[in-house]
Amino acid sequence: MVNENLVKDVVKEPYKYGFVTDIETEKIEKGLNEDIIKLISQKKEEPKFLLDFRLKAFKKWQKMKEPDWAALGYKKIDYQDIIYYSAPKQKEKISSLDEVDPKLLETFDKLGIPLTEQKKLTNVAVDAVFDSVSIATTFREELAEHGVIFCSISEAVKNHADLIEKYLGTVVPASDNYFAALNSAVFSDGSFVYIPKGVTCPMDLSSYFRINSGDSGQFERTLIIAEESSSVSYLEGCTAPMFDTNTLHAAVVELIALDDASIKYSTVQNWYAGDEEGIGGIFNFVTKRGKCLGKRSKISWSQVETGSAITWKYPSCLLLGEESIGEFYSVALTNNLQQADTGTKMIHIGPKTKSTIVSKGISAGKSKNSYRGLVKMGTKATGSRNYSQCDSMLIGDQASANTFPYIKSQQPNSEIEHEASTCRISEDQLFYLQSRGIEFEEAVSMMVSGFCRDVFNQLPMEFAAEADKLLALKLEGSVG
Amino acid sequence: MEIIEKIKTNKSDDNLTEIQKICLHKLQSSPLPNPKNELWRLSSKSKLSNFLDYSINEKDSKFDIPFPKDSQSTIRLIIGDKCQIKLIDKNYSIQQLSEDELQKYIKEQISFFKQNENWSDLLNLSLSCKNNILGLKINGSKIPPIEIFSHASSNSLKAKTLVIFLEKNCDIELLQVNLGKENSSLSQSTFFCLRENSSVNHGVVSYGENRSNLLNSLNVIQQKNSTYNLGSLHFKFNYARFEISIKQSAGNAKTNIKGMQITKKDEQISTYTKIEFNGPNGFLDQINKSLADNKSHAIFEGSIIVPKIAQRTDASQLSRNLLLSNLAQIDTKPQLEIIADDVKCKHGATISQLNEEELFYMRTRGITLTQASKLQLSSYFQEIISFIPISKDKWDLLDKLLNED
């Protein structure tokens, strides 16, 4: 029997990634205007086409209105009060990791991200992004042997300008939405991946995003291109220090899969969520979209969202190629005063396309967790199928769980199935576990983990274990 | 759009009732619903403006009930008929609400209205003249089934309002029929108040003709231990909206809804439902079916709202849709908004076409494709039709649906 007296709304475990790295940084002045954008572009020594891209996006952004349709409430963002470029000072261009500021390496070590190449056992190549710049990318030579390009987007702009010019903004156009336009105008760094034809990427690729400075926003951009018959698994992790101000994070991720290519994109998002009073935390407004351009191509999104004060994120798939596949597996956990409005869009354009959506939302404390999804069958999507499942778990009587699926079909020869349910942690199950000598909180954590199993099974090994622990940690003390 | 002009200018007309004046005033600042609002986003603007294109004709043309002959045991009422209603039997009484009672209740309802959510009601109440508002207070037991008709005659726009108070421990079967003649617009608003322990089997059949339009809104308030069963069917309208708002004011009530909309040609029919649980132990079982053929468009949007107070709510919502043509489209959006934790809520949605395996099976048994499709459709329709009270035996609704173009 759940004892109501045990209900505690506060997560006691402190946010363990909340430290600040004391490092000299180069920042530009606050505010956003054409000169700032020119300055960012100049600092990054960008070609003209990119500056034009930024300026065009900025013009569009100025004409756009911040969206208000999401079930989110937050104080208005002052876009002129943000620093749009902040980078750790480095004396000269680094040629090897040994030259990276030890403080930075230490930071990433503390976060459990192996940047030193001795730690090869993990077999994951990492691109570490600190505030506005990428500071290191590991395993580059090994990857290069296979023809895989894995570097920061700034480097890609310099060394692979043709690919950037060809693909940047083709999946998420600058005018797509307010935050994508803002990102297109001011994006500072991010990762670039190119997998050539027929190559299966020999190791998992990973980006680690770290916000260090309290007054600068992070606007990274990721572009992954998988050529014909290639495949890659990409992991993304994020953390930030604890500040009592809100920091804006507006990222854009674009994935392109050509014929028979497959991209698996996994995220464990653990930005600082603010304290139990709702003070501080990251505002996370992210546009992630994949384009299954080729026949039989596949894009799979899996995400574990536990951080951020505000999450606004809808990783989507445009299924253009015949028999292409889109997948979305998500666990979103909110606690205290966190608010998450997340989900996916599966746009079936080509024939015989398939998509699967599995979304698990857990709301505890006074948080608000919404699933918002769109499944659309276009007129040419004959023989296409979609299956969606959205489950919500409510912990405590002050949290809210909402489900807003939009389903649209213009093709009779296609099938859409959607189901959603809401439940609480069953008292019978808890009682059973407790009667077997399992501690109350451990029992809850086991049940939450069981609830999320469908999604965790889709995560790469390292992430699945981490995600399990993360959820247990986040819920500690919040269940009664 | 003469009506919108009238609203904008809001001429002080002595013939207007106080309610009409209040509603006109509310509409004045924005006489049309916001097309960006989620409830109106998918609604065809041209069809809505076509709805408003007809002029209001206060005089009712003669209305012949087109359906089977009145049987002795059924009470038949027509909204707009001037006759005074007072049916008193030893077991029951059906009386007209006094003007004060009507005004008080409607005014109270208006105070909760929101511009976009209740635009159809605001329009209805600002157009509905005294004669077209029927208010009934129903009391007692062993009440014969009641049929209430609303209609719009050709080339006119009619607004009709129905208010029903169902007293404690009362149990009725009520069928509401909305008929749209060729080139007509009908605005029908119904307000239902179910007192404790009362129960209704409510049927709504809206049946249009060529180019007829309908805005049908239904507001239900359920008190404790009441049961509200709704079976609805909307078909043959160029443009129709069915807006249902049900509030279980203190929980502990049961709601069952089975609705269906059938669209053909270039019709657009939509159903919007909002079910609020304002107390614990509420129950909802809802199924909405759509069938879209030719170039038509069927829309369903349902929201279930479970606030903190509504613990132990058990709610389920299912949207089942058949899309039969390449040019037709279906939009469906079931929604859950939940704050209470001890609840069982679920929803589901499917869009597909007729089951090919079943069709194949029937054809191997010598049934033609047309017949096999009809058989499948009839089972699809039957679930809803059998839930509509009174109609099932004598109205041949199934035949109408299957055999009319």
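Q: What makes strand 19 of chain A and strand 21 of chain A a pair?
A: Four bridges join strand 19 (residues 345–348) of chain A to strand 21 of chain A, and the two run parallel; since two strands pair if DSSP finds at least two bridges between them, these strands pair. Within this pairing, I347(A) stands opposite K376(A) in strand 21 of chain A. The model is predicted, so that local features need pLDDT of at least 70 and side-chain atom pairs count only at pLDDT 80 or more, while totals for chains, interfaces and linings use all residues. Residues are numbered from 1 along each chain as its sequence is written, and chains are lettered from A and ligands numbered from 1 in the order in which they are written.

Q: Which strand pairs with strand 21 of chain A over ten bridges?
A: Ten bridges join strand 21 of chain A to strand 23 of chain A, again in the parallel sense, and Y371(A) there stands opposite T403(A). Strand 18 (residues 339–342) of chain A also pairs with strand 21 of chain A, over four parallel bridges, with Q339(A) opposite K368(A).

Q: Why is strand 21 of chain A called largely enclosed?
A: Nine of the ten residues of strand 21 (residues 368–377) of chain A are buried, and therefore the strand is largely enclosed by the rest of the structure. A residue is buried if 20 or more other C-beta atoms lie within 10 Å of its own, exposed if 12 or fewer, and partly exposed in between.

Q: How do you know whether E18(B) is buried or exposed?
A: E18(B), found in helix 2 of chain B, has 10 C-beta neighbours inside 10 Å, so E18(B) counts as exposed. E18(B) lies 9.4 Å from K107(B), C-alpha to C-alpha, although 89 residues separate the two in sequence.

Q: Why is the packing of helix 2 of chain B on helix 5 of chain B called oblique?
A: Helix 2 (residues 18–28) of chain B and helix 5 (residues 119–127) of chain B pack at an angle of about 135 degrees, with their axes 7 Å apart. That makes helix 2 of chain B oblique to helix 5 of chain B, because angles under 35 degrees count as roughly parallel, over 145 as roughly antiparallel, 65 to 115 as roughly perpendicular and the rest as oblique.

Q: How does strand 23 of chain A run relative to strand 18 of chain B?
A: Strand 23 of chain A and strand 18 (residues 329–338) of chain B run antiparallel, joined by six bridges, and K408(A) stands opposite D331(B).

Conventions
Axes are lines fitted to C-alpha atoms, for helices over the stretch in contact, and angles run from 0 to 180 degrees between N-to-C directions.
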